[in-house]
Amino acid sequence: MAWLHVHYYSEALQMPVPMEVLLPQHVAGGGRKVKDPGPYPALYLLHGRSDDHTAWMRRTSVERYVEGLPLAVIMPAGHLGWYTDMACGRDYFSFISEESPAICERMFPLSDAREDRFIAGLSMGGYGAMKAGLRVPERFGAAASFSGAMDADKLFERLDPRELNDIFGSRDKLKGGPDDLFALAEALVQSDKPRPELYMWCGTEDFLYDDNVRFREHARKLGLALTYEEAPGDHSWKYWDRCIERILDWSPLRQAAAE
């Protein structure tokens, strides 16, 4: 795999942004050419609130896990925008759901097919990934959340409301709107949009566990295709590293990498 550090100007955010990219190589060690199966499917990995775009490479073995697979991994910088078009700030949902795939598919040999785009994240990134899968399922074939902040309404009980008001406008505006995962799931099943495959993992000692269980039951009641797994664990990288291995063996990614 090639590990690329990319810096470019984001029109959506109106500022320069970085991202980390893992890309299959066309040439093996010693200059030996290898078969190029591109264009490649891509997995977009979203970081959490207390991390940045480098965290996946620093805290997990993602490079080792994808070695030899015809799969690109894109790790963009989402800052503290909650992957949301902020009420007072920048358009992080547009950035992650529209601009990032478009930019990457122009820069790299990536497939532009919906079934070859996957998005996943942890905590804040799990919320962002699930929101992308539910809100723009015509762009992403599958979405995965690790210990995700699935109930954004509950954030107002855990974080500084001033930060959240800048993101969502207010708690009242969030509830039932385009940034509410529960409402998005309901809207999706009432629409004629394609339904993405969904994956969730959460540790049973995680402070977000109850929120994850509540969303799991909501999604299952609606009939969404959801793979849910849990195990003993808290809100830490020890478990999220394992999640990378888990989703690489999850059927949508396994099938895409095998084709």
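**View 1. D241, a buried acidic residue without a salt bridge.** Buried here means under 20% relative accessible area, with exposed over 50% and partly exposed in between (1.4 Å probe, protein chains only). A salt bridge would need a side-chain nitrogen of Lys or Arg within 4 Å of a carboxyl oxygen of Asp or Glu, and the nearest side chain of opposite charge to D241, R64, is 5.8 Å away. Lys and Arg count as positive and Asp and Glu as negative, while His and the chain ends are not counted.

This is a predicted model, in which local features need pLDDT of at least 70, side-chain atom pairs count only at pLDDT 80 or more, and totals for chains, interfaces and linings use all residues. Residues are numbered from 1 along each chain as its sequence is written, and side-chain values use heavy atoms, leaving out hydrogens and water.

**View 2. The surroundings of D241.** Beyond residues up to four places away in sequence, D241 touches R59, T60, S61 and Y65 (contact means heavy atoms within 4.5 Å).

**View 3. W82 in the largest nonpolar core.** Such a core is a set of buried Ala, Val, Leu, Ile, Met, Phe, Trp, Tyr and Cys residues joined through side-chain atoms within 4.5 Å.

**View 4. D151 and its contacts.** D151 is buried, with a relative accessible area of 7%. Setting aside neighbours within four places in sequence, D151 is in contact with F182, D211 and R214.
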